[in-house]
Amino acid sequence: MRPVQIVIIVCVIILLGVVIFPLINRKQFRNLPREQKIRILMKEADSLSYFKNVSNGSSGTLYFVKNRRKILELPWKLVDGKMLCIRDYPFKRWDYPEDAVPISEEEQILLNKSIENFNKKSAVKIVFTAD
């Protein structure tokens, strides 16, 4: 094989691995049943607080996972370059486990700090009221 052919093959493999496969994985995640999404989120969580943003154009859901056991779903839509949470009273209870466990004051403080850190790191910030 000539060096040009090798370079073309390497570029195609990199393109598949960096662009095409992640797009397919995101689409598949959006189409999964809720139970499988929860299982995947709990597996992916690598710290005490973990965020996963699943976007579908100008709307989506920001998932917050605490200790690989509790999940809070924050549905959002894009407004003025920010992710506006469209859920009423998002910090009232956890979405998983499903027995409507209320969010304690300590968890609320942790959640606020985690969202501040997420907003510092993310180019698109999540907000909870239309400013």
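The chain carries 22 positive and 14 negative side chains, and the centres of the two sets lie 8 Å apart. Here Lys and Arg count as positive and Asp and Glu as negative, while His and the chain ends are not counted. Each charge is placed at NZ of Lys, CZ of Arg, CG of Asp or CD of Glu. The model is predicted: local features need pLDDT of at least 70 and side-chain atom pairs count only at pLDDT 80 or more, whereas totals for chains, interfaces and linings use all residues. Residues are numbered from 1 along each chain as its sequence is written, and side-chain values use heavy atoms, with hydrogens and water left out.

The chain has 3 helices and 5 strands, both taken as DSSP runs numbered from the N terminus (helices: H or I, at least four residues; strands: E, at least two). From the N terminus on, the order of these elements is α-α-β-β-β-β-α-β. The C-alpha trace spans about 65 × 35 × 25 Å along its principal axes. The radius of gyration of the chain is 18 Å, whereas a compact globule of 131 residues would have a value near 14 Å. This radius is taken over C-alpha atoms, and the globule rule is 2.2 Å times the number of residues to the power 0.38.

The accessible surface of the chain comes to about 9,200 Å², and 58% of this belongs to carbon and sulfur atoms. Accessible areas come from the Shrake-Rupley method with a 1.4 Å probe; for residues, only the protein chains shown count as cover. Of the 131 residues, 29% are buried; buried means under 20% relative accessible area, exposed over 50%, and partly exposed in between (1.4 Å probe, protein chains only). Among contacts (heavy atoms within 4.5 Å) between residues at least 6 apart in sequence, 37% join residues at least 24 apart.

Leaving out residues up to four places away in sequence, Glu 107 touches Lys 66, Lys 70, Trp 94 and Pro 102. With Lys 66, the side chain of Glu 107 makes a polar contact, side chain to side chain, at 3.4 Å. A polar contact is a pair of N or O atoms within 3.5 Å; within protein, one must be able to donate a hydrogen and the other to accept it, and residues adjacent in sequence count only if both atoms are side-chain atoms. Asn 119 also lies in helix H3, and its relative accessibility of 17% means that Asn 119 counts as buried. Beyond its neighbours within four places in sequence, Asn 119 is in contact with Lys 125 and Ile 126.

In helix H1 (residues 3–31), Ile 24 counts as partly exposed at 40% relative accessibility. The C-alpha atoms of Ile 24 and Ser 47 are separated by 25 Å, and the two residues are 23 apart along the chain.

The loops hold some features of the backbone. Most residues other than glycine have a negative phi, and most peptide bonds are trans. Arg 68, in the loop between strand S2 (59–66) and strand S3 (70–79), has a positive phi of about 60° although it is not a glycine. Arg 68 is partly exposed, with a relative accessible area of 45%. Asp 80, in the loop between S3 and S4, has a positive phi of about 55° and is not a glycine either. With a relative accessible area of 73%, Asp 80 is exposed. The peptide bond from Tyr 96 to Pro 97 is cis, with omega near 10°; Pro 97 is found in the loop between strand S4 (82–85) and H3.
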